[in-house]
Amino acid sequence: MLLDIKNLSVSVEDKTILKDFSLSVDEGEIHAIMGPNGSGKSTLANVLAGNETYEIENGNIIFNQKNFLELNIEERSQEGLFLAFQYPIEIPGVSITPFLRSAINSKLKYKKEKEFDSLEFAKLIRSKAKELNIPNEMLSRSLNSGFSGGEKKRYEILQMSILKPKLAILDETDSGLDIDALKIVTDSVNRLKKEISSFIIITHYERLLDLITPDKVHIMKNGKIVESGTKSLARKIEESGYQSFE
Amino acid sequence: MKNTNDEAIAKFKNSSYKYGFITEIEEDKPEKGLNERTIVFISNKKKEPKWMLEWRLKAFERWKKMKEPKWANIDFPNIDYQNIYYYSSPKGLDEKPKSLDEVDPKLIETYNKLGIPLEEQKKLAGVAVDAVFDSVSVATTYKEELEKKGIIFCSISEAIKNHPDLIKKYLGSVIPVGDHFFSALNSAVFTDGSFVYIPENTICPMELSTYFRINSEETGQFERTLIIADKGSYVSYLEGCTAPKRDSNQLHAANVELIALDNAEIKYSTVQNWYPGDEKGKGGIYNFVTKRGLCKGVNSKISWTQVETGSAITWKYPSCILKGDNSIGEFYSVAITNNYQQADTGTKMIHTGKNTKSKIISKGISIGNSQNTYRGQVKFLGLASNSRNYTQCDSLLIGNKCGAHTVPNIESKNKTAVVEHEASTSKINEDQLFYCRQRGLSQEEAVSLIVNGFCKQVLQELPMEFAVEAQKLVSISLEGSVG
């Protein structure tokens with residue numbers, strides 16, 4: 001078991017958002033989480049990543065046999081968790097190359113492995129960027145500043161494919177992407193899956209699941225999973241919405 | 001729930017000032033205090049001609065009638081000018097050593113420790129260094145190579161003896177002796193600093209730089225630097241400064257004058273890292289500096305770049321007088337204040353010639369309990385037709401006990417002048433920190449990255465050899481600002 005969330009309750013400003021939430025993800029599995037707005041999907045993503053604005057009231061998160069609740073944001077990242085943000089943050093004056101090199105080097109340092117020098121890293125990032133159809137000149141622009149929605153999302157996937165996490169959470173990475181960009185992103189996910197990464201994919205759209213086959217689909221409502229199933233569950237939602245799930 | 005910012009501020013301790021060591025060396029000092037005897041002592045030590053001593057004494061007469069300027073946004077106890085040593089040199093340095101063999105190895109070791117090797121085999125490639133220790137220049141590298149091109153690079157004390165015509169013509173020509181309290185004080189008691197003359201149509205083939213070190217206790221350092229770029233010449237000059245950690249405050253009051261003649265360009269960069277005091281605000285240098293450049297000739301250009309991370313108090317406004325038609329003045333500044341540091345810094349751009357242009361980019365970063373003020377003046381006189389200024393002032397706050405202030409002043413007597421002014425104040429936000437940390441960076445690394453990004457526009461103006469150092473210095477200055 002890679003991730004085991006048990007009876008997790010989370011609140012922010014005294015409002016409970018996740019209620020007695022449980023989910024387990026095995027190595028190499030892809031889980032899709034669907035649900036109406038406000039059901040707690042993004043909160044789940046943020047809590048897993050260690051965002052400190054949320055209050056953990058109850059429950060456990062075990063990741064790779066470690067008690068995640070005892071680790072801070074960067075330690076969780078170094079343990080192999082990656083969050084592709086729904087709204088990637090702009091950092092003016094910082095281009096992705098040095099940013100991502102610091103990120104991967106801090107991870108390698110944590111694992112006591114050899115760090116990248118700037119030349120090696122430049123080669124790596126260029127080859128990965130090519131796979132994602134990101135032009136080289138974009139690599140020297142400030143992180144997410146003045147990028148289009150689709151560019152930001154592709155940048156998140158670029159970071160994911162370099163950091164090679166054990167578990168990647170994609171928080172509505174598909175929204176705002178046209179079909180070509182979507183294809184590029186899903187190819188990346190499928191490639192990484194072969195290297196034994198697990199995924200939690202938060203989405204509104206079934207179309208994504210035509211390109212990435214999930215092992216499980218969960219319907220989330222009011223802070224908990226109300227139904228789990230296979231891909232056919234997603235189709236049911238596409239046809240009749242969330243009304244029927246209680 | 002933990003609040004990252006509060007935690008960030010709370011952990012801000014243990015300043016890691018790397019240059020705080022003291023060199024134990026025998027010193028030559030006059031009695032404490034400032035009077036005519038002190039000035040005669042300095043002038044004698046430097047074996048100056050009589051006209052120089054008279055110049056100093058006149059400045060002293062002016063100074064006695066003047067008062068410290070009080071308009072800056074800084075707060076410090078009264079300075080007792082009679083309780084300072086005005087001169088200190090390592091024993092036996094009455095004559096500047098002809099070669100390094102004559103220099104006390106302790107001094108050479110000091111500069112090695114500071115990362116400024118002076119020995120022939122180790123000296124920095126492509127950078128000529130004048131090393132000033134308290135009140136005297138210890139050594140100047142690459143002097144002979146530069147002389148072959150007619151470039152003069154030496155200490156100001158040597159220039160007074162060897163190039164009196166240039167000194168008489170230009171010293172005090174940009175900063176008049178009686179300009180204000182500190183300029184008069186400096187004119188009376190200045191000890192050492194650098195002198196640069198670039199002859200006509202000469203591009204200086206290497207970076208020139210001066211490294212100022214304060215070592216002696218209770219001693220003021222009164223730097224005087226003069227740079228003249230003759231017609232069609234170019235020079236890039238850089239100064240660095242450090243001092244030991246001491247509990248008492250020390251004064252560094254400099255006068256720096258630049259003169260660019262027709263079609264000449266001077267690029268002047270500063271990496272100021274004087275001891276800033278401890279985390280409670282005890283000790284540190286009072287850095288009261290007057291820097292002014294005169295774009296005297298047509299199409300001349302003077303560009304100031306400064307990275308100000310040290311000093312308990314920084315009070316400086318590197319300025320340009322744009323006298324020659326089509327001349328250009330630039331000011332790029334990063335000022336970081338931490339703990340109880342105070343900085344009141346900025347520039348003056350005085351447009352007097354036609355078609356003159358100026359550009360100001362100021363980045364202020366305040367951390368801890370510090371206060372950081374940008375103060376700037378842009379002035380267009382009646383004859384400065386078709387002139388323009390662009391000003392951008394950005395402030396970044398880390399924590400909620402510090403202050404950032406912007407005091408711009410724009411005056412125009414010419415209707416054709418164009419002024420643009422942009423200003424912003426921001427805080428490092430939680431979302432940016434969360435994003436960076438999610439990628440595996442520690443909070444400290446994240447803050448350093450964000451701040452370096454914020455300063456990038458200025459840091460990239462530094463000569464390449466120093467840009468990396470400056471980035472590191474920025475990161476070090478932030479140390480402890482996060483948890």
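Predicted model: local features only at pLDDT ≥ 70, side-chain atom pairs only at ≥ 80, totals over all residues.
Start with the salt bridges. A search over all chains finds 33 of them in the whole structure. One joins A:Lys152 to A:Glu90, with 3.6 Å between the closest N and O atoms. This pair links distant parts of the chain. A:Lys152 belongs to helix H5 (residues 149-163) of chain A, while A:Glu90 sits in the loop between strand S6 (81-84) and strand S7 (91-95). The two are 62 residues apart. A:Lys152 counts as buried because its relative accessible area is 17%, and the limit for buried is under 20%. A:Glu90 has 38% relative accessibility, so this residue is partly exposed.

Now turn to chain B. Here B:Lys50 forms a salt bridge with B:Glu54, and the closest N and O atoms are 3.5 Å apart. Both residues are in helix H3 (residues 50-64) of chain B. They are four residues apart, so about one helical turn separates them. An α-helix has 3.6 residues a turn, so residues three or four places apart point the same way. B:Lys50 is exposed, at 63% relative accessible area. B:Glu54 is partly exposed, at 40%.

Another bridge of chain B pairs B:Glu308 with B:Lys316. Their closest N and O atoms are 2.5 Å apart.

Next, look at helix H8 (residues 231-240) of chain A. Which of its residues are buried? They are A:Leu233, A:Ala234 and A:Ile237. Seen down the helix axis, these buried residues fall within an arc of 100°, so they line one face of H8(A). The face turned away from that buried side carries the exposed residues A:Ser232 and A:Glu239.

Strand S3 (residues 30-34) of chain A holds A:Met34. This residue is buried, because its relative accessibility is 0%. A:Met34 and A:His218 are 184 residues apart in sequence. In space, their C-alpha atoms are 6.2 Å apart.

The backbone deserves a look as well. Most residues other than glycine have a negative phi. A:Asp20 has a positive phi, near 50°. This residue is found in strand S2 of chain A, and A:Asp20 is partly exposed at 43% relative accessibility. B:Asn386 is not a glycine either, and its phi is about 55°, a positive value. B:Asn386 lies in the loop between strand S19 (371-380) and strand S20 (388-398) of chain B. With a relative accessible area of 48%, B:Asn386 is partly exposed.

Which residues form the negative patch? They are A:Glu13, A:Asp14, A:Glu55 and A:Glu57. A:Glu13 is in the loop between strand S1 (3-12) and strand S2 (15-25) of chain A. A:Glu13 counts as exposed because its relative accessible area is 77%. On chain B, a patch of positive charge gathers B:Lys169, B:Lys231, B:Lys296 and B:Lys323. B:Lys323 lies in the loop between strand S15 (319-322) and strand S16 (328-337). At 46% relative accessibility, B:Lys323 is partly exposed.

Methods: Residues numbered from 1 in each chain as written. Chains lettered and ligands numbered in written order. Heavy atoms only, no water. Patch = residues over 30% accessible without salt bridge, like charges linked within 9 Å, V, L, I, M, F, W, Y side chains within 5 Å. Areas by Shrake-Rupley, 256 points an atom, 1.4 Å probe, with all protein chains shown as cover. Salt bridge = Lys/Arg side-chain N within 4 Å of Asp/Glu carboxyl O. Lys, Arg positive; Asp, Glu negative; His and termini not counted. Charge placed at Lys NZ, Arg CZ, Asp CG, Glu CD. Buried < 20%, exposed > 50% of the residue type's maximum accessible area, 1.4 Å probe, protein only. Arc of directions from axis to C-beta.
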